[in-house]
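Me: I'm new to this one and would like to walk through it slowly. Could you take my questions as they come?

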Amino acid sequence: MNTNQIAHIASLVGEPARTAMLMELLDGRSLTAHELAGAGNVSPQTASRHLALLVEGGLLSVEQHGRHRYHRLASPEVARVLEGITQLAAQNAPPLRRAVVPGPKDAAMRMARSCYDHIAGRLGVAIAHHLIADGAITFDGEAGHVTDKAGAVLARLGIDLTASLPGTHTRRPYCRPCLDWSERRFHVAGQLGTLICTHSLERGWLMRRQGMRALEITPKGVVALRGWMGQESWRQVTEGDAAFPVQREQRTIAP
């Protein structure tokens, strides 16, 4: 890898319309050029040129199904780079002169959202917190490890780990920490994160919100996930910082 190649990839991501289209695909969906043109606020013709460059640069893949061509992120590594840029952008944002009250969309995104193919937001962080507390996984720097307790812990959620053993059919890490850009704590990525997300969607515990990365936690999901992780961990999902008052700053919250 030379500096020209790095600069080329950076320039592909750095154009605002292309950035918007890439971010629209960060939930793992496949979208048409017309749909992505709306996300980038450009004409279909302009969107097609941008998408061709992203495919050529290896950031997107494209598949033909009938009359339509569907674009998606080329790999989990692309999603990881985009999440990293999002974290840097949030950290380096200029201070606001007045407080901004987040809108409903922001609240939904912070509660639960898809991060490519795994769960992010307060729900994703709470799942990771519970898995670590029960000794099912450990995080060590950028590495994640699954322990021999994981099978029993996830079986209580209805997940059979023997159906997805580490290292089968893919070089992708089985478990790794992913820094959550809104919570600034880690959620679970890798094959294990995908397994938990897919299982939750298939069981109807989570539902994708139309046109959004936000995930809706259904009443059935509340019962199942709260029962699995316990009331204290569930408070992290519903209350956020208030559930963990010393996580980011030293302060006391009255009961």
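Reply: Gladly, and one place to begin is Asn41, which is found in the loop between helix 3 and helix 4. Please keep in mind throughout that this is a predicted model.

Me: Okay, is Asn41 buried or exposed?

Reply: Asn41 counts as exposed, because its relative accessibility is 72%, and the cut-off for that word is over 50%.

Me: Let's go back into helix 3, then. Which of its residues are buried?

Reply: In helix 3, which covers residues 33-40, the buried residues are Ala33, Leu36, Ala37 and Gly40. They cover an arc of only 110 degrees around the axis, so they sit on the same side of helix 3.

Me: Which residues are exposed on the other side of helix 3?

Reply: His34 and Gly38 are exposed there.

Me: What do the buried residues of helix 3 pack against?

Reply: They pack against helix 2 (16-24), helix 4 (44-56) and strand 2.

Me: Helix 4 keeps turning up. How far apart are its end C-alpha atoms?

Reply: They are 18 Å apart, and this agrees with the 18 Å that the 13 residues of helix 4 should span at 1.5 Å a residue. The buried residues of helix 4 are Ala47, His50, Leu51 and Leu54, and, seen down the axis, they fall within an arc of 100 degrees, so they line one face of the helix. On the other side of helix 4, Gln45, Arg49 and Glu56 are exposed.

Me: What covers the buried residues of helix 4?

Reply: The cover includes helix 1 (3-14), helix 2, helix 3, strand 1 and strand 2.

Me: You've mentioned strand 1 and strand 2. How many bridges join them?

Reply: There are 6 bridges between strand 1 (residues 60-65) and strand 2 (residues 68-73), and the two strands run antiparallel. As one example of the pairing, His65 has His68 in strand 2 as its bridge partner. The hairpin that they form has 2 residues between the strands, and in this hairpin Gly66 takes a positive phi near 65 degrees.

Me: Change of topic: where is Arg113, and is it buried or exposed?

Reply: Arg113 lies in strand 3, which covers residues 113-115, and it is buried, because its relative accessible area is 1%, where the cut-off is under 20%.

Me: What polar partners does the side chain of Arg113 have?

Reply: A polar contact of 3.0 Å joins the side chain of Arg113 to that of Asp180, and a polar atom of the Arg113 side chain also lies 3.0 Å from the backbone oxygen of Met109. Leaving out residues up to four places away in sequence, Arg113 touches a list of residues that includes His118, Trp181, Arg213 and Leu215.

Me: What about Tyr116, where does that sit?

Reply: Tyr116 is in the loop between strand 3 and strand 4 (118-120), and it counts as buried, because its relative accessibility is 8%. The phi of Tyr116 is near 65 degrees, a positive value in a residue other than glycine.

Me: How far is Ile217 from Arg113?

Reply: They are 104 residues apart in sequence and 9.9 Å apart in space, going from C-alpha to C-alpha. Ile217 is found in strand 10 (residues 215-217), and its relative accessible area of 17% is why it counts as buried. Apart from neighbours within four places in sequence, Ile217 is in contact with several residues, among them Met111, Leu123, Trp205 and Val237.

Me: Last one: what does the whole chain come to?

Reply: The secondary structure of the protein chain comes to 11 helices and 10 strands, and 40% of its 255 residues count as buried. Among contacts between residues at least 6 apart in sequence, 56% join residues at least 24 apart. The accessible surface comes to about 14100 Å², of which 55% belongs to carbon and sulfur atoms.

Conventions:
Residues numbered from 1 in each chain as written. Predicted model: local features only at pLDDT ≥ 70, side-chain atom pairs only at ≥ 80, totals over all residues. Heavy atoms only, no water. Helix = DSSP H or I, 4+ residues; strand = E, 2+ residues; numbered from the N terminus. Buried < 20%, exposed > 50% of the residue type's maximum accessible area, 1.4 Å probe, protein only. Contact = heavy atoms within 4.5 Å. Polar contact = N/O pair within 3.5 Å; in protein donor to acceptor, adjacent residues only side chain to side chain. Pairing = 2+ DSSP bridges. Arc of directions from axis to C-beta. Expected span 1.5 Å × (residues − 1). Areas by Shrake-Rupley, 256 points an atom, 1.4 Å probe, with all protein chains shown as cover.
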